[in-house]
Amino acid sequence: MRFNVRKNLHIILLSIVVSSLFSVCAFGAIPSAYWKVQQPFISARDAGNNSDIIKYGKEIITIFKDKPLEKDKAEILYTTYEAMYKAYENTADYGNAIEILKAQISYGEYLGFADGVKLAKERINKINPMTQVYAVTQNTSSVPFYGMKNEPKSGTYYGRVYSDSGVKPMENETAVSFYFECLQDNLEDFDYLIRPYADGNRLIHIAMNMPGENDTLKLVMQTDSDAYLKETMEYLKSLNVPVLLRIGGEMNVWQNLADPSLYKQAYIKIANVARQTAPNVALVFSPNDVSNWNVDISDYYPGDSYVDWVGVSLYTNKYRNPQNPVVGKDFEEMYYGNGAYANPLSKLKNIVARYGSKKPIIITECGVGYGINGKTLDLNSFAKERIQMLYSYANMLYPQVKGIVYFDVDLGSSNKYLYSLSNSSQMMNQYQAFVESNEGFIKQMGGTPKAYVKAGSYQDNLPVIELATYCILPGNIPVTVEYSFDGKKVISQGQIPYTCNIDASTVSTGIHELKVLIKSSNGYNKTKAYMLTKQENNLINIKEK
């Protein structure tokens, strides 16, 4: 995290009022059947009658289905979909809500509604429960491996940012992070802090910040910076341990916003010096999880040949603005991942979807605000649950995530979120409990931890079949997960990560039925059904029906 106040970001929400739009449409361009449905649909929308919105919305879609695409059709269907997705979402039918949003996007693109399209795409991500059952396996062959420098074949390094006030790292943490300001700090001056961790027991993450942001990028491009960059890389080489170097992190939300072309030039210059000088250093491109509204992460990507790992800053807070901690507008909270949408896994999904098919992912810094300095607001319950989410699920859902670093620092000034684990025994205990229980974390350098696979692809002979379920609904509505085996309930869980352990020795040879029922008070329910087969050699296979 940069030690300054980020620029407030603003969204311009394009709003189209259905009734006024429909009133100006030319009668000749619209099928006559539409006019019989128009008023019932508007009345249902105004009354918040979800079932009728869906009913009449479907009729409108059918009326226009085979008509040629033109402006009136696109505008009517765009606003029809706007009401319909909300109705489906209100009734916990997230699957149909997502399909309606996808349909709306195509018409929004046709009409040039760039802001509306951007919001719809993000809403698809944020409301998706991503319901899935996972199993622990010792067979890690399915874990993505890209052969990048300092990348483990499987497992996730974890640790915290170093701070003077922080407690001594836990013995089994395998990552530690340090910050320095490019062209201002001489990294060797911090050797007394860094060198003790260069003992082969941890991955060292170094964040090279740009103190003047875009202005510092300009200085990097000058020849006066060459000697400094060379000396920096010589120092990192001297550590003689795996190092990840984050170059100009969070460039997509700087106050002095980075010029994309300049950022890529400066990144590549630094990358070339590192490649020529420090063979132990892997290069990290690491944006913030949400960009300034007017730029995109891809604008800054310097190219595959200059990136070994892709990182991300991932902060999950209840309120968007700690200076004014109030519930915001729904579309803003949805886009930025606050309030009802404060789910670190849906925020993480964006970066994995972009780069997780070709690069290992590291959460270069993350935090959950459990309070606000200078305010009496108690966010402990909120924060504990988000830590539980992140450290239970990050590498379960996304095996490409091979590093995670917690920002164990409080920034000190008022109206700032409190993130430091070291300053809160409750938060530290929560962190410790869930890193210990996550079987995919690397707790010893060179070790090979177990992995998580979708239950339907499980094949192993472990003595215990360890299952977990992911399902997080918008609004963080409580979920209950019930497991049954051969028709008999095994366990019902109401707490993340909804685990169930089955003693493999009690499973007889042959075919069995495993069912997982996921349900919530808002009406959402889903059943995952599997066929579990135990062979004579004790090998167990699970296949989804």
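Modeller: The questions below go from the whole chain to single residues. This is a predicted model, in which local features need pLDDT of at least 70, side-chain atom pairs count only at pLDDT 80 or more, and totals for chains, interfaces and linings use all residues. Residues are numbered from 1 along each chain as its sequence is written, and side-chain values use heavy atoms, with hydrogens and water left out.

Colleague: What is the radius of gyration of the chain?

Modeller: The radius of gyration is taken over C-alpha atoms, and the globule rule is 2.2 Å times the number of residues to the power 0.38. For 545 residues, a compact globule would come near 24 Å, and the value for the chain agrees with that. The radius of gyration of the chain is 26 Å.

Colleague: What share of the residues counts as buried?

Modeller: Buried means under 20% relative accessible area, exposed over 50%, and partly exposed in between, with a 1.4 Å probe and protein chains only. Applied to the 545 residues of the chain, the buried share is 56%.

Colleague: Is Cys471 buried or exposed?

Modeller: The relative accessible area of Cys471 is 1%. Cys182 also has a relative accessible area of 1% and is buried. On its own value, Cys471 is therefore buried.

Colleague: Which helix holds Lys269, and is Lys269 buried or exposed?

Modeller: Helices (H or I, at least four residues) and strands (E, at least two) are DSSP runs, numbered from the N terminus. Lys269 lies within residues 260–277, which form helix H10. Contact means heavy atoms within 4.5 Å, and leaving out residues up to four places away in sequence, Lys269 touches several residues, among them Val220, Asp226 and Leu229.

Colleague: How far apart are the C-alpha atoms of Glu75 and Gly108?

Modeller: Glu75 belongs to helix H4, residues 71–90, and is buried, with a relative accessible area of 10%. Along the chain, Glu75 and Gly108 are 33 residues apart. Their C-alpha atoms are separated by 8.3 Å.
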